[in-house]
Structures are given as structure tokens and as C-alpha cells.
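I opened my notebook to go through one structure slowly, writing down each thing as I looked it up.

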Amino acid sequence: MPERIFNFSPGPAVLPQSVLEQAAKDIVNFNNKGMGLIEMSHRSKDFMAVLDEAEALIRELLAVPTNYKVLFLQGGASSQFFMVPMNLLGPGKKATYLNTGVWAGKAIKEAKAFGQVDVAYTGEPNRFKHVPTDDEYSVAADSEYLHLCSNNTIYGTRFPKFPDKGCMLISDMSSDIMSRPVDVSKFGIIYAGAQKNMGPAGVTIVIIREDLLDRCPATVPAMLKYKTHADKGSMYNTPPTFAIYCVGLVMRWLKEQGGLAAMERRNEEKAALVYQAIDATDFYRGHAEKECRSLMNISFNLPTAELEAKFIKEAAAVNLDGLKGHRDVGGCRASIYNAFPLEGVQKLVEFMAEFAKKNG
Ligand SMILES: *Cc1c(COP(=O)(O)O)cnc(C)c1O
């Protein structure tokens with residue numbers, strides 16, 4: 001095997017090496033049963049234990065209150081864009097959305113099919129470099145919920161503080177779940193595709209307050225009702241067993257690292273190094289406004305597109321991989337999720353200083 005590179009991919013993304021090594025063993029022979037984990041019945045005792053442990057660790061790490069269900073679904077965060085309004089809205093019902101980027105925008109588009117949608121804020125005019133504070137928008141009293149995307153993967157912005165508008169929050173946390181402690185009780189639903197900060201692609205984590213399960217119109221298909229999956233403990237149909245198992249391993253790793261408060265400190269430390277490198281010269285320009293800079297995704301530009309291409313190419317040659325920005329903002333993006341090592345951040349920062357000196 002070649003040397004392990006530093007993988008700045010926005011998702012699927014870097015996982016702890018210990019998790020990969022354990023998974024590689026268990027895929028062949030799990031619990032010494034003479035068969036691999038992915039060959040095993042999802043109803044087997046061994047797999048049920050895997051599912052139970054993954055759920056228990058998510059609950060423990062995020063301090064999920066007992067009146068919430070933790071579900072393992074499929075279809076990605078993108079399916080939650082329609083499942084949320086499909087389950088919670090209906091004729092005459094209203095929800096408020098904050099448009100802080102492409103993913104938030106997709107959620108808005110889907111919601112419009114199921115009820116009245118108030119877009120209370122849009123960051124489109126300033127290319128989504130800003131995330132609103134509470135005084136920049138209002139939420140109608142008859143709004144069922146306020147939907148936001150906690151971390152905007154493409155632009156590198158986040159909500160440093162969650163809204164406090166007296167309205168139940170629903171958040172797409174795909175790219176920063178488990179990166180910081182969160183008060184789950186402020187949210188009706190938290191959802192996240194696992195492939196950024198929790199595991200491989202193929203499973204979507206949904207944390208939902210129990211009283212919301214009964215709001216769903218009867219006409220919604222069984223697979224698309226949260227209640228179906230909640231009642232059956234995410235085993236209504238075959239769940240994505242391998243992805244759930246990997247999420248469990250990542251949760252074990254997170255616990256060993258000291259949990260979410262310790263992880264947040266480490267994430268702050270890593271992100272600060274990159275932001276210092278950006279702010280140190282005029283050569284680099286961060287996309288996000290300072291107050292809402294993401295700890296997970298750092299989007300930045302160089303003076304020209306040619307220099308950006310050169311930067312990405314030369315970085316890849318020294319094993320700093322995946323630094324190309326999203327096509328919507330261009331430039332460069334360093335995604336440094338929980339499992340991204342400090343050593344890789346240090347190497348990037350050194351590379352940035354050298355590159356600026358040579359090309360500035
Ligand atoms: C990646 C991403 C998505 C899309 O997730 P899928 O699981 O591919 O549907 C949605 N929201 C955010 C914030 C993301 O980063």
C-alpha cells in the first residue's frame with residue numbers, strides 16, 4: 001500500500017485509520033463467526049448489537065434527550081429535504097427557511113411542494129459568505145419550524161450560534177454533526193448524511209423529537225414516514241448494515257478522543273491554523289466572513305484562477321489531496337473534518353506559506 005495521503009475531500013471524507021483497519025478485518029470475518037459483517041442477516045444477534053451500540057453512542061456523545069428517536073435511514077441528506085416537509089407540512093401549513101447556500105436552497109425548493117415556505121433570509125446576493133444573526137430576519141408566529149443548514153460545506157460558513165427565535169429548529173447538519181456539542185432539545189429534527197463526519201456514504205442519521213412522528217399525513221408512503229422507521233427501530237426494511245457498523249466504529253473513536261467538547265477544541269485549533277495562514281498575506285482571500293467561518297470547510301481564493309490550479313496541482317504532488325473548491329465558488333477548499341489529522345493541517349499551512357512566497 002502507498003503512503004497514506006492527507007485527504008481534504010469534502011465528502012465522502014477522511015476516516016480514522018484505526019476504523020478503516022478494523023472494518024477491513026470485520027468485512028471478512030466478524031466476531032469470529034466465519035463470515036463477514038456485510039454477509040450477515042440484519043436480524044442476526046451480532047448485527048442487532050452493532051445497531052444498538054451505534055445508536056447508544058450517538059445518544060451519549062450528543063446527549064440526545066430520551067424523548068428523541070435516532071434513526072438510520074437511506075437516501076442521503078437530499079431525501080431529508082423532502083421528507084421533513086412531507087411529514088410536517090400540508091395544505092395551509094407554513095415553514096420558515098434560511099437560504100445560506102446550495103444545500104439550504106435545495107431544501108427550500110423541495111419544501112415548496114408541501115406547504116407555504118417563507119424564505120426569511122437569503123445570502124445569494126453576497127455569494128453566501130454570510131450567515132444571518134437573529135436580528136436579520138423574523139419568523140412568523142404560525143411557522144411550524146425554522147429550517148437551517150448549520151454548516152455550509154461549499155462556502156465554508158456556519159452558524160456560530162443557533163437561532164433563538166422561539167420556533168422549533170430543524171437542521172441539516174451533514175457537514176458538522178459531531179464536530180461540536182449541540183443542545184439537541186432546541187431542535188425538532190437534526191439530519192445528516194454520514195459521509196462527511198460520521199462514516200461512509202449510505203446511511204443518513206435522523207434525530208427526531210417523538211411528538212413529531214404523529215404529524216404525518218396518512219397518504220405518505222410507509223418508507224417516507226419517520227414513524228414507520230421509528231416504530232421498527234430502523235429495521236422496517238434492510239438497513240445499510242455496513243455503513244451503520246462503520247458509524248458505530250467512528251462513534252467509538254470519538255468517545256476515545258474525549259467526546260464532542262474535546263473534538264470541538266481540536267477542530268478550533270486546526271481551523272485557526274489555516275485561517276491564520278489565509279489572513280497572514282493578501283495572497284489568500286477567505287470566502288466566508290470572519291464571524292461565521294466554518295471549522296470544517298475552509299474555502300479560499302488565490303489572486304488568479306491560474307494560480308489556484310497551480311496550487312491544487314502542486315499540493316497534490318506533496319500528498320495534500322482534494323483541495324479543489326466547489327464549482328459554485330471556485331478556488332480552493334480545505335475540508336478538515338474530525339478525523340483529519342493536525343499533522344496534515346500543519347503540512348498544508350507550511351505549503352501555503354511557501355507557495356505564497358514563490359508565487360506572490
Ligand atoms: C453533502 C451535503 C448534502 C448532500 O448530502 P447527500 O447525502 O449526498 O444527499 C446536504 N447537505 C449538506 C450540508 C451537505 O454538506
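The entries below follow the order in which I looked things up.

**Entry 1: ground rules**

I noted that this is a predicted model, in which local features need pLDDT of at least 70 and side-chain atom pairs count only at pLDDT 80 or more, while totals for chains, interfaces and linings use all residues. I also wrote down that residues are numbered from 1 along each chain as its sequence is written, and that side-chain values use heavy atoms, with hydrogens and water left out.

**Entry 2: the whole chain**

I looked up the secondary structure and found nine helices and 14 strands in the chain; helices here are DSSP runs of H or I with at least four residues, strands are runs of E with at least two, and both are numbered from the N terminus. The radius of gyration is 21 Å, close to the 21 Å that the globule rule gives for 360 residues, so the chain is as compact as a globular protein of that length. (That radius is taken over C-alpha atoms, and the rule is 2.2 Å times the number of residues to the power 0.38.) Along the principal axes, the C-alpha atoms fill a box of roughly 65 × 60 × 30 Å. I then checked burial, and 55% of the 360 residues count as buried, where buried means under 20% relative accessible area, exposed means over 50%, and partly exposed lies in between (1.4 Å probe, protein chains only).

**Entry 3: around the ligand**

Which residues come nearest to the ligand? I found that, of the 13 residues around the ligand, these are Ser-78, Thr-153, Asp-172, Gln-195 and Lys-196; a residue counts as near if one of its heavy atoms lies within 4 Å. The shell divides into four nonpolar, seven polar and two charged residues, and helix α3 (residues 76–88) gives the largest share of the shell, four residues.

I next listed some atom pairs, using the polar contact cut-off (a pair of N or O atoms within 3.5 Å). An N or O atom in the side chain of Ser-78 is 2.6 Å from an oxygen atom of the ligand, and a polar backbone atom of Ala-77 is 3.0 Å from an oxygen atom of the ligand. On the side of a ligand nitrogen atom, a polar side-chain atom of Asp-172 lies 2.6 Å away. The ligand on its own has 390 Å² of accessible area, of which the protein covers 87%; such areas come from the Shrake-Rupley method with a 1.4 Å probe.

**Entry 4: salt bridges**

I reminded myself that side chains of opposite charge can pair when their charged atoms come close. The structure holds 15 salt bridges, each being a side-chain nitrogen of Lys or Arg within 4 Å of a carboxyl oxygen of Asp or Glu.

Are Arg-180 and Asp-176 buried or exposed? Both are buried, and the closest N and O atoms of their salt bridge are 2.9 Å apart.

For the salt bridge of Asp-211 with Arg-215, I read 3.9 Å between the closest N and O atoms. Asp-211 is partly exposed, with a relative accessible area of 41%, and Arg-215 is partly exposed at 29%.

Asp-214 pairs with Lys-227, with the closest N and O atoms 3.9 Å apart. This pair links distant parts of the chain, 13 residues apart, since Asp-214 sits in the loop between β10 (204–209) and α5 (226–231) and Lys-227 in helix α5. Asp-214 is exposed at 57% relative accessible area, whereas Lys-227 is partly exposed at 30%.

How values were computed: A polar contact is a pair of N or O atoms within 3.5 Å; within protein, one must be able to donate a hydrogen and the other to accept it, and residues adjacent in sequence count only if both atoms are side-chain atoms. Ala, Val, Leu, Ile, Met, Phe, Trp, Tyr, Cys and Pro count as nonpolar, Asp, Glu, Lys and Arg as charged, and the others, Gly among them, as polar.
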